[in-house]
Amino acid sequence: MSDVGLALANPVDIAYLITGICFIVGLRYLSSPKTARLGNRISALGMLIAVVAVLTQGIVNWIVVGAALVVGAAVGIVSAQRVKMTAMPQMVAIFNGAGGGAAALVAAGELLKLYQSGTPATPDVSFTSVLSAVIGALSFAGSIIAFLKLQEVMTGRPITYPGQQIVNALLLLAILVSWGFVVANNPNELTFFWVALACSFVLGILFVLPIGGADMPVVISLLNSFTGLAAAATGFVLGNSVLIIAGALVGASGTLLTVLMGRAMNRSITNVLFGAFGAVKTTAAGGAGAKEHNVRSASADDVAAMLAYANEVIIVPGYGMAVAQAQHSIRELEDQLEKRGVEVKYAIHPVAGRMPGHMNVLLAEANVPYTSLYDMDDINPEFERADVALVVGANDVTNPAARSDTSSPIYGMPILDVDKAANVVVLKRSMNSGFAGIDNPLFDDPKTVMLFGDAKKSIDGVVAGVKALS
C-alpha cells in the first residue's frame, strides 16, 4: 500500500477529513436562512468528530479535559438558554473573544514548552507561534471591548484621545520588533514574546475604543476573521490539519463578510477602523443646540386604520424592535393584516441591528416566513408602490440625509428608501437620535407620523386596533 493509502487509512486523518467536509458543507448551508439550522448542526457534528479524534491520540490529561468539558458545556448550555435575543451580539463577541484567547494561550504554551525543554524553536514554529498569539490576543481584547460597548457597560460612542494613531503605531512597531527577536532565537526570546503578547492585548483595546456602536456589525465580523486566522496559525504550530482548515474557513468568511458589510455602508474598512464614526459633534434632541423637530404623532388606532386599509405594507425592523422584543407582536400584526388581504413584506438592511443578520435571526425566532424577508436591493424599488412603510426602531438605515446631505457622516451610505412610500409610520421611544448620533429628517417629512412608546406595546395596540376593525 502506498504512503498516501496508509495516511488515508489512519482513523484520525479520516476523522479530520470528515470534519473538514462538515465545516465546508455547514458553512454553505449557513448562507441561507432556510438551511441555516441544518448547517449549524452539521458544523457542530464536525466539531464533535474533531474533538473525539484529538482525544483518542492520548496526548492529554483526561482529568483536566473532562473537567474542562463539563465546565464548558455547562456554561455554554446555560448561556444559550438564558441569553436574550437582544444580547446575541454580545454573546457572539464573547465567544469570539474566547476563541482568540484560546489560540493565544495554546501558541504561548507550545513556545513555553520548547523553551523549558531546552530545544530551540525553529523559525517556522516561532514565527507562527507569535503570529497566533498576537492575533489571538488582539482579537480577545478587542472582543471584550466590543462586548462592553454592546452591553452598554461603557459608552457606545467612539473614545478618542490626542496622538491615538501614534500610540497604535508605536505598539505595532514594538510587536514587530519583538516578533523579530523571537524568530531570530534571541537569548531573551521568551521575554520578547511576552512583550509582543502584552502589546497585542493593549492594541486590541485601543483598536476598538475609537469605533462607534453603529459600526459594531463590521467590527464583529472583522474580529471574527482575526480569530479564524489565529486558529489557523495555531494549527500550523500544532501540526493539526483540521484546525488549519477551520481557521482558514472562519478567517476567509469573516473577511468576506467584513468587506460586504463595509460595502453596504459605502465605507472602506480603513474608514470604519480609523474614522471614529460618531465622534463628530451631533445635536441630539433635547440637548443644547438641538434641532427643532416638527413631527406629527399618531395613536395606535390611527396607525391600525392606516395599515388595515392599505394594499401593501413594508415593515422595516431595527434595533428598537430587538430591544422591545417586538418580533412576535409584529408577526401577529402581519397575520391580522394578511387576513384582510394586505400584502406584507419585510425590508432588511445589511447593517440593521448590532451584528450581521441580527434582524433575520429575530424574525426567524417569531416564525416570519423567509419568503417575506427582502434584502435592501430587492425591496427598495417596492417602496414607491407601498401604501405604508412601518419603521420599527430603525433610525440610521432609513435616514434620507445619506442621499442628500454631503456634510452628514453617513453621506453615501445605501439606505432603505422608506421616504418614497405613500405614508411612513415610525415607532420610537422618543426623538433621541439613533446609535450614530445623527438627526433623521425622515421624522419631519409631511408623510411621516410618529408612534411613540415601547415598540412591543405600540404594536400590540395596533394589533388590537386592526382586530377591532374586523
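A word on the terms: helices (H or I, at least four residues) and strands (E, at least two) are DSSP runs, numbered from the N terminus. Axes are lines fitted to C-alpha atoms, for helices over the stretch in contact, and angles run from 0 to 180 degrees between N-to-C directions.

If you want to find the contact (heavy atoms within 4.5 Å), look for A300, D301, V303, A304 and L307 on α12, which meet S458, G461, V462, G465 and V466 on α18. Sorted by class, that makes six nonpolar, three polar and one charged residues. Here Ala, Val, Leu, Ile, Met, Phe, Trp, Tyr, Cys and Pro count as nonpolar, Asp, Glu, Lys and Arg as charged, and the others, Gly among them, as polar.

Before going further, keep in mind that this is a predicted model, where local features need pLDDT of at least 70, side-chain atom pairs count only at pLDDT 80 or more, and totals for chains, interfaces and linings use all residues. Residues are numbered from 1 along each chain as its sequence is written, and side-chain values use heavy atoms, with hydrogens and water left out. The mean pLDDT (the predictor's confidence in each residue, from 0 to 100) is 83, and 89% of residues reach 70 or more. Among the elements, helix α1 (3–9) has the lowest mean at 50, while strand β1 (312–317) has the highest at 94.

That strand β1 belongs to an open sheet of six strands, in the order β3-β2-β1-β4-β5-β6 with parallel pairing; two strands pair if DSSP finds at least two bridges between them. At the edges are β3 (373–375) and β6 (448–452), each pairing on one side only. From one strand to the next, the twist averages 25 degrees. Strand β2 (343–348) runs parallel to β3 and is joined to it by three bridges, and I348 has D375 in β3 as its bridge partner. Helix α15 (358–365) packs on this sheet, touching β1, β2 and β3, with its direction about 145 degrees from that of β2.

Now for two other helix pairs. Helices α2 (11–29) and α10 (241–264) pack at about 15 degrees with axes 9 Å apart, which makes them roughly parallel. Their contact draws on residues including Y16, F23 and L27 of α2 and V242, I245 and L249 of α10, and by class it has eight nonpolar, four polar and no charged residues.

Helices α5 (88–117) and α8 (189–208) pack at about 170 degrees, with axes 11 Å apart, so α5 is roughly antiparallel to α8. A104, A108, L111, L112 and Y115 of α5 meet E189, L190, F193, W194 and L197 of α8. That contact has nine nonpolar, no polar and one charged residues.

Technical notes: Angles under 35 degrees count as roughly parallel, over 145 as roughly antiparallel, 65 to 115 as roughly perpendicular and the rest as oblique.
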